[in-house]
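Here's a quick tour of a protein chain for anyone just starting out with structures. Have a look at the picture first, then read on.

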Amino acid sequence: MTSPLLEVRGLKKHFFENEGLFGRSEIVYALDGVSFSLNEGQTLGLVGESGCGKTTLGRTLMKLYDPTEGQVIFNSTDITNLSNSKMRLIRKDMQMIFQDPFSSLNPRMTVSSLVGEPFLIHETNTRSQVKSKVAELLELVGLDPVSASRRYPHEFSGGQRQRIGIARAIALNPKLVIADEPVSALDVSIQSQILNLMAKLKKTLKLSYVFIAHDLAVVEHISDVVAVMYLGKIVEYADSEVLYKNPLHPYTKILIDSIPVPEVGNKRRRAVIKGDVPSPLHPPSGCSFHPRCPLATNICREKSPEMKSYSNDQSKHDVACHHV
């Protein structure tokens, strides 16, 4: 049996906030024990409301944030405590696409320089080879190499800028791409183009994705497996088809019920979750979802549920809930 491409074990990321006259520190529990695995060639959809820790998880996987606790094992290598110099070698195989395609691109660099920079940083090609590689990449993501190369990011639309970001991310033929809300800043008509492009590149380049999003309809379109996050924890993890047909966690059920239905004028099926997401500064005791859960009982307020497997030979399905 082959090892997963990415394995995350008990990952925690805590930030410290100073407040008050004497700078007393408070802990923000951004990630609080996240575990999952991703096989080569798969797309993991990571979903949840704003503030649940999705972006923090993506940046911690890339080691843009150092984890507080836990392990990140990529391609059979534990990268949790690697030095910056060793991590730089790993980053050729794991890249990131950011949410805002404008702020993630240097406005003073031409497209040719932006897409070609990874080759120069990692010293994989000569300058003459880089020019040819850049042209190939721009064509691969649907941009005209001749007209695009000498222009600057501000001269492109949002969708075109995201294509540039994708070209930059795949330049070194990575094994894993972490996409942090890559289509949320784009018009709906452009979103489908970018999603189709990413699906095409996955097949062509044999990529694996961690696809972060809050839109479950988008995640259903692109994902093989889905992890549902709530307040720094994964509460449900399942094959995509299984999760959408048979969600088991109350939070997942409500999220899926909130997906707009086109045949009824994009109206939601029924009411969404009551109340706001609790602060990660002061997470609730017991199950973190219990203040908003319609099924909550005393055990939910007192004890945090463990992740249990409801998988079978054909499908994966893990849930953390006392009432499944």
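A residue counts as buried when its relative accessible area is under 20%, and as exposed when that value is over 50%. With that cut-off, 47% of the 324 residues in this chain count as buried. Keep in mind that what you're looking at is a predicted model.

**The whole chain**
- The chain has 11 helices and 12 strands.
- Its radius of gyration is 21 Å, close to the 20 Å from the globule rule for 324 residues, so the chain is as compact as a globular protein of that length.
- If you boxed up the C-alpha atoms along the principal axes, you'd need roughly 65 × 55 × 50 Å.
- Take the contacts between residues at least 6 apart in sequence: 63% of them join residues at least 24 apart.

**The nonpolar cores**
- The largest nonpolar core is made of 57 residues, and Ile166, Met198 and Phe211 have the most contacts inside it.
- Helix 7 (residues 188-205) supplies the largest share of this core, with five residues.
- Leaving aside residues up to four places away in sequence, Met198 touches Ile97, Ile166, Ala179, Pro182, Tyr209, Phe211 and Ile222.
- Another core, of 31 residues, lies apart from that one, and Leu57, Met96, Ile178 and Tyr237 are among its members.

**The largest pocket**
- Rolling a probe the size of a water molecule over the atoms is a handy way to see where empty space is left.
- Here, the largest pocket holds about 490 Å³ of space.
- Its lining has 22 residues, and those nearest the centre are Met62, Gln95, Met96, Phe98 and Arg168.
- Strand 6 (94-97), helix 3 (111-121) and helix 6 (158-169) are the elements that each give two or more residues to this lining.
- Sorted by class, the lining comes out as 12 nonpolar, six polar and four charged residues.

- Asn81 sits in the loop between strand 5 (77-78) and helix 2 (84-90).
- Is Asn81 buried or exposed? Its relative accessible area is 72%, so Asn81 is exposed, given that exposed means over 50%.
- Gln71 is 10 residues from Asn81 along the chain, and their C-alpha atoms are separated by 8.7 Å.
- Ser288 is also in a loop, the one between helix 10 (250-257) and helix 11 (298-302).
- Ser288 counts as buried because its relative accessibility is 9%, and the cut-off is under 20%.
- Not counting residues up to four places away in sequence, Ser288 touches Tyr230, Leu231 and Pro278.

Terms used
Residues numbered from 1 in each chain as written. Predicted model: local features only at pLDDT ≥ 70, side-chain atom pairs only at ≥ 80, totals over all residues. Heavy atoms only, no water. Helix = DSSP H or I, 4+ residues; strand = E, 2+ residues; numbered from the N terminus. Buried < 20%, exposed > 50% of the residue type's maximum accessible area, 1.4 Å probe, protein only. 1 Å grid on protein atoms, 1.4 Å probe; cavity = no way out; pocket = protein on both sides within 12 Å on 5 of 7 lines; lining within 4 Å. Points joined across faces, edges and corners; volume = space filled by probe spheres on them. Nonpolar A, V, L, I, M, F, W, Y, C, P; charged D, E, K, R; others polar. Contact = heavy atoms within 4.5 Å. Core = buried A, V, L, I, M, F, W, Y, C linked by side-chain atoms within 4.5 Å. Rg over C-alpha atoms; globule rule 2.2 N^0.38 Å.
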